[in-house]
Amino acid sequence: MTKKIIKISCTLLFLSISFNGFSYWKWTKVQALGNGKRFESTSFSVNGKGYITCGVDTNDNCYNDLWEYNPAFDFWTQKANLPASYRRAAFGFELNGKGYMGCGIDDAVSSVGTIFNEFWMYDPSLNTWTAKANTPIATFRSAGVSCNGKGYMIGGASAWSLYSNIYEYNPTLNTWTAKTTFPGVPSSSGGREAGTATSLNNKIYFGLGKDDSFYQNDWWEFDPSTNLWVRKADFPSSGRTGAWSFSINNMACVGMGSDGGFNSDTWWYNTVANTWNYTCTFSGGGRRSVAAFAIGNVGYMGTGKSGGGSKQDFYRLDADVNVNELSMNSNLISIYPNPISTEEFTITSETELINATLSILTIDGKIIRSEPFVSKETKIKREGLTSGSYFISINNNHQLLITKKIILL
């Protein structure tokens, strides 16, 4: 670790100790989706209600139904079916009190299904679907997001290719316009499938997903007003496909997805500090390709695919975060035993971290030991450490994720 990084880490450490902000995150189970276990469905929220359409189940059956969730009554109601072929892996977003969905594929097998470039608008007040201008390309597993009164379609796949295109939809003109293509990481062509996108403060945030051959954990900001992409701090955990994202309480929240296995972590991204903060572990088990939307300052997520097949359950995420908080990511790791009377102690992480470093610091901030943190469980020998109080800190890509106090007896 360089002297510059050490200095930054120590500064962040004591800033973190100086602020005693309070945060509370909790997943709560709500009413399950009314019809069928499924994943790769399309979701959006309009006027205080959530919507899920299409998707595919464990038996490879695709759907074209539409369901409306009312959070006030915790109840699902079936609405008008999409007047087109069943499909999975379409994108969706909300604009001006209407829901939109586009593209997708009509088979569970990507190499044999028909890939669509249809684009549809749903009007909740009339319970009707209207065909709108087709998207410029036919894709599935594109990311959809709205920002500043326009809709955006990012990336996606055909049967054999990945796309880096981003297109902007103007609902007034019913037209699509190509924007600056997604650059991706230097080792790839920029094409990306099953990434995730959300918008906050007139900017779009997009990342994760799969490129030519790898799961990625990069994170990007796109400014529609300047038509420019800027790479931000990488997602701290594993690269993955099929993660969800939404924005609540002025925070971009991201979680779960598959990196070969199924993840159950939940994070939020601080757009001002350009840092990631761990919140809690999802109690319903790891999964990918879920339906997710935000209603006010509450997030909703459910369905998806897990190791046991597709899911039907649904959950809400409540977040109460003090505006003065500098996150301590208190749920990210546990230390046992603590206080420590044994010759070694164990540090366990809730999720795999990428490029992480674990440091032990004295009470006055002097780093006395640093080593890579490359496993969910690491045993630390207390050799050379006298009795007293110390801090354990974990840095990831030069950002401080967590600091915890330990006591050696």
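1. Cysteine 54 is buried in this predicted model, its relative accessible area being 1%. Cysteine 62 also counts as buried, at 15% relative accessibility. A disulfide requires the two sulfur atoms to be within 2.5 Å. The structure holds zero disulfides.

2. Aromatic pairs number 36 in the structure. One of them joins tryptophan 76 and phenylalanine 314, with ring centres 5.2 Å apart. Their planes stand at 75 degrees, so this pair is edge-to-face.

3. Tyrosine 169 and tryptophan 176 make a tilted aromatic pair, at 5.0 Å centre to centre and with 45 degrees between the planes. Tyrosine 169 is buried at 0% relative accessibility, and tryptophan 176 is buried at 15%. Elsewhere, ring pairs connect Tyr205, Trp219, Phe235, Trp267, Tyr269, Trp276 and Tyr278 into a cluster.

4. The structure holds 15 salt bridges. Among them is the one between arginine 88 and glutamate 40, at 2.5 Å from N to O. The partners are 48 residues apart: arginine 88 is in the loop between β5 and β6 (91–95), and glutamate 40 is in the loop between β1 (23–30) and β2 (42–46). Arginine 88 is buried, with 2% relative accessibility, and glutamate 40 is buried, with 7%.

5. Another salt bridge joins glutamate 193 to arginine 141, with the closest N and O atoms 3.1 Å apart. Glutamate 193 lies between β13 (175–178) and β14 (196–200), and arginine 141 between β9 (128–132) and β10 (143–147), both in loops. Glutamate 193 is buried at 12%, whereas arginine 141 is partly exposed at 23%.

6. Lysine 150 and glutamate 168 form a salt bridge at 3.9 Å, N to O. Lysine 150 is in strand β11 (residues 150–157) and glutamate 168 in strand β12 (residues 162–170), so the bridge ties together parts 18 residues apart in sequence. Lysine 150 is partly exposed, at 25% relative accessibility, while glutamate 168 is buried, at 11%. Through shared partners, salt bridges join Glu40, Arg88, Arg141, Glu193 and Arg288 into one network.

How values were computed
Residues numbered from 1 in each chain as written. Predicted model: local features only at pLDDT ≥ 70, side-chain atom pairs only at ≥ 80, totals over all residues. Heavy atoms only, no water. Buried < 20%, exposed > 50% of the residue type's maximum accessible area, 1.4 Å probe, protein only. Phe/Tyr/Trp six-rings, centres within 6.5 Å; stacked < 30°, edge-to-face > 60°. Salt bridge = Lys/Arg side-chain N within 4 Å of Asp/Glu carboxyl O. Helix = DSSP H or I, 4+ residues; strand = E, 2+ residues; numbered from the N terminus.
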